[in-house]
Amino acid sequence: MRNRAYRPDIRRSLLVFVILSLFTVPAMGDELLIRITKGADSAIPISVVPFSESGQMPSGDKVSRIIQNDLEMSGEFAPLPPEQMLSLPSRGDEVFFRDWRLLGQRYVLVGQVTSAGGTLNAQYELYDVSQEKRLVGATASAPASASRSLAHHISDRVYEAITGVEGAFSTKLAYVTLERNANGPTYRLQVSDVDGKRARVRLESDEPILSPAWSPDAKKLAYVSFETGKPAVYVHELSTGNRQRVADFPGLNSAPAWSADGQSLLMTLSKDGNAEIYRMNLASGDLKRLTNHWSIDTEPSYDHTGNGFFFTSDRSGGPQIYHKASENAEPRRITFGSRYNARPRPGPDGDYVYYVHQRDRAFHIARTNLESGDETVLTRTESDESPSVSPNGRMLIYATKSGENSVLTVIAADGGAAYSLPASRGDVREPAWSPIVR
Amino acid sequence: MIGHERDTGDKARAPWKSPVALSIFLHGLVLVVALAGWSWTSPANDPPPPSISARLVTQAEPEPSPVVDTVDEPDRDQERQQAQEEQRRKEQEAERRRQEQERAEEARRIQQQQEKERQQQAEAQRKQEEQRLKEQQAAKQKAEAEAKELARQKAEEQRRKEEAARKAEEEKRRAEEERRKQEEARRAREEQERLEAERKRKERERQLRESQLEALAQEAAEEREAEERRRKEAAAAKARQAQMLTESEKYRALIRDRLMNEWYPPSSATSEMVTVLRITLLPTGELSSVAIESGSGNTAFDNSAVSAARAVGRYPVPDDQQVFEQYFRRFPIEFNPENAK
């Protein structure tokens with residue numbers, strides 16, 4: 001279509017050329033615009049060359065291996081396995097672009113890690129193979145015990161240099177595991193790296209733990225625990241382990257969500273007889289009721305503006321996603337695609353909302369473009385729940401079934417390749433992706 | 001069976017004893033007696049008229065009454081007187097008898113004459129009567145004949161009239177029939193014409209509809225073809241366009257395909273981002289230089305474009321040196337993702 005629009009130009013230029021060539025010698029080159037509107041469908045080929053190492057290296061995965069894994073997990077990159085590499089350069093001047101070009105590589109990351117005095121130093125360079133140009137050249141350091149943090153940091157830098165989007169590999173995940181043994185079930189609230197490593201148990205209970213939510217500074221978790229025999233909302237400071245039971249009203253106390261300033265929590269309470277959404281000021285404990293409807297209103301989540309919020313309501317007969325642009329605004333229904341849409345989680349840019357979506361008896365994760373209303377089902381798995389979007393909006397984690405157990409899976413936020421996190425024992429569920437901490 | 005036997009027994013009697021014979025005999029006897037009686041009694045039929053005249057005569061005689069009175073008168077000298085008287089009376093008696101005789105004779109004669117006359121008169125009367133009857137009969141017959149003739153004529157007339165009426169009726173009926181037929185024919189013709197007109201109208205409509213349908217079908221087919229064409233263009237742009245486009249367009253398409261395969265739009269790309277590069281090629285198709293003519297404002301995006309342009313090892317260019325110089329020595333490439341968010 002667009003090519004056709006240029007055709008008159010070509011004809012005219014041909015004519016001009018003919019006329020000019022009658023009177024003048026060599027015509028100047030005429031414009032011939034080539035428009036590229038679509039890129040390759042595949043992930044970006046990148047080679048993370050194993051970093052050279054010197055000094056006492058900590059045990060466990062090597063830094064370059066962690067980076068390679070991070071990039072692969074994003075779904076946007078297709079790292080070349082090191083065994084297929086023709087050479088293993090660790091410095092820019094050792095990179096022969098022709099080799100990488102032959103291998104069809106677009107980017108090459110090289111680097112060295114040295115360990116000295118309990119500190120790891122990394123020097124790394126990212127090259128654009130086709131441009132034969134260095135995009136990143138930097139050094140970074142970390143305690144030897146934090147080699148994974150160092151690797152995730154480099155992953156973030158590489159990711160941002162190539163994609164223009166801030167990386168989210170240094171963020172954390174909170175989730176709940178369930179282990180069943182002879183003594184009964186054990187629920188554990190855990191926090192790990194985004195690749196599932198370095199998991200640490202923050203709370204253990206015989207009673208269910210639900211709905212962990214990160215504070216904006218990623219220092220606290222709010223969650224629902226049944227440890228007293230009934231649901232209550234707690235705020236848990238991770239560095240100290242201090243816990244505070246903030247909501248223990250009669251009936252339901254559930255689904256906490258932090259405000260952008262970390263001063264208050266949205267939550268669902270049924271203390272007034274019906275499940276409604278309230279905002280609690282954490283300092284004063286004051287409550288403000290934000291919904292008032294005979295149906296169930298629950299699972300609130302602030303939108304990207306920090307003023308409005310999404311929530312689930314079955315006021316139309318079944319659970320659907322609604323949005324209030326402000327606390328006093330009229331709710332607007334967002335989802336219409338099926339009879340069950342629940343647990344909304346907005347993306348960071350305000351362009352999409354993600355949620356659990358039932359289709360043909362299967363539960364998927366779907367997203368709706370808030371501008372166009374277009375709905376896209378993102379997952380091919382069938383018992384999906386608890387979506388949580390990475391803070392850069394590029395990845396999505398959710399819980400799904402794998403055999404008997406529930407596992408966590410990461411996919412690209414637009415529905416790209418899936419990456420399953422290594423599962424610990426038993427069920428893993430209720431994932432919550434932390435904010436980026438600067 | 002029994003009756004039959006008895007019949008058989010009757011037959012055994014002598015013929016003259018049979019009831020038939022007896023009957024014949026009796027009939028014969030009766031006939032004879034009748035005939036005799038008839039001839040014998042026939043004069044006896046005559047007396048009635050004399051009895052009529054006799055009565056008339058008797059009334060005309062006043063004498064007998066004084067005679068009786070005289071006889072009853074007693075007298076001393078009666079002997080003699082009586083003898084005298086007797087004598088005289090005898091004489092008178094004889095005289096009276098004689099007169100009476102004469103008178104009877106005379107009466108008989110007159111009566112006969114009268115009878116004769118009467119008979120003649122009766123005969124004449126009879127004849128007259130007969131004549132009259134005859135005439136009457138004739139007149140009657142004539143009248144009857146006339147009446148018959150009249151009736152016949154009347155009947156004839158009636159018949160004629162009826163016939164005429166019938167004919168008239170028939171004529172009328174025929175005319176009516178004719179008219180009806182004509183009417184019918186007219187109606188049929190009109191109906192025919194109407195049907196024909198209707199048929200023509202329908203035919204026209206059908207043709208119109210068909211042509212419309214055809215046009216629609218044509219349109220749909222064209223649409224389908226166009227769709228198919230678009231799909232093919234999109235799917236097999238290289239092959240299709242190579243055929244369709246001019247030499248330069250062909251190479252332009254080839255270059256575009258190569259660039260599309262080499263371009264990895266970054267995650268941050270939006271459909272608003274546009275980067276235009278200007279590239280310079282050697283006649284061999286090797287990239288001589290690439291420069292950002294106008295950037296998108298997003299470094300990663302600009303980089304992805306330059307990277308794609310540089311990733312194409314050797315650009316497909318036409319062998320025709322003039323075409324190369326004209327179009328492929330230097331040209332712009334625009335990167336603008338349509339399907340990005």
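In this predicted model, four strands of chain A form an open sheet in the order 23-24-25-26, and their pairing is antiparallel. Strand 23 (341-346) and strand 26 (375-377) of chain A stand at the edges with a single partner strand each, so one side of each has no neighbour in the sheet. From one strand to the next, the twist averages 30°.

Strand 23 of chain A pairs with strand 24 (residues 352-359) of chain A in the antiparallel sense, over four bridges. Within this pairing, A:Asn341 has A:His357 in strand 24 of chain A as its bridge partner.

Strand 23 of chain A also holds A:Arg345. Is this residue, A:Arg345, buried or exposed? A:Arg345 is buried, because 23 other C-beta atoms lie within 10 Å, and the cut-off for a buried residue is 20 or more. Leaving aside neighbours within four places in sequence, the contacts of A:Arg345 are A:Ser301, A:Tyr354, A:Tyr355, A:Pro387, A:Ser388 and A:Val389.

Nonpolar side chains in soluble globular proteins tend to be buried together. In this model, the largest nonpolar core has 126 residues, and those with the most contacts inside it are A:Leu109, A:Leu396 and B:Ala309. This core draws at least three residues from each of domain 1 (44-163) and domain 2 (172-433) of chain A. Which residues are in contact with A:Leu396, leaving aside its neighbours within four places in sequence? They are A:Tyr354, A:Ile365, A:Leu378, A:Pro387, A:Val389, A:Ser390, A:Ile411 and A:Ala413.

Another sheet of chain A remains to be described. An open sheet of four strands runs in the order 15-16-17-18, with antiparallel pairing. The edge strands are strand 15 (253-258) and strand 18 (287-289) of chain A, each of which pairs on one side only. Neighbouring strands of this sheet are turned against each other by 30° on average, direction ignored. Strand 17 (residues 276-281) of chain A and strand 18 of chain A pair in the antiparallel sense over three bridges. Here A:Arg279 stands opposite A:Lys288, which is in strand 18 of chain A.

Key:
Residues are numbered from 1 along each chain as its sequence is written. Chains are lettered from A and ligands numbered from 1 in the order in which they are written. This is a predicted model: local features need pLDDT of at least 70, side-chain atom pairs count only at pLDDT 80 or more; totals for chains, interfaces and linings use all residues. Two strands pair if DSSP finds at least two bridges between them. Helices (H or I, at least four residues) and strands (E, at least two) are DSSP runs, numbered from the N terminus. Axes are lines fitted to C-alpha atoms, for helices over the stretch in contact, and angles run from 0 to 180 degrees between N-to-C directions. A nonpolar core is a set of buried Ala, Val, Leu, Ile, Met, Phe, Trp, Tyr and Cys residues joined through C-beta atoms within 7 Å. A residue is buried if 20 or more other C-beta atoms lie within 10 Å of its own, exposed if 12 or fewer, and partly exposed in between; C-beta atoms are placed from the backbone. Domain bounds come from an automatic or database domain assignment. Two residues are in contact if their C-beta atoms, placed from the backbone, lie within 7 Å.
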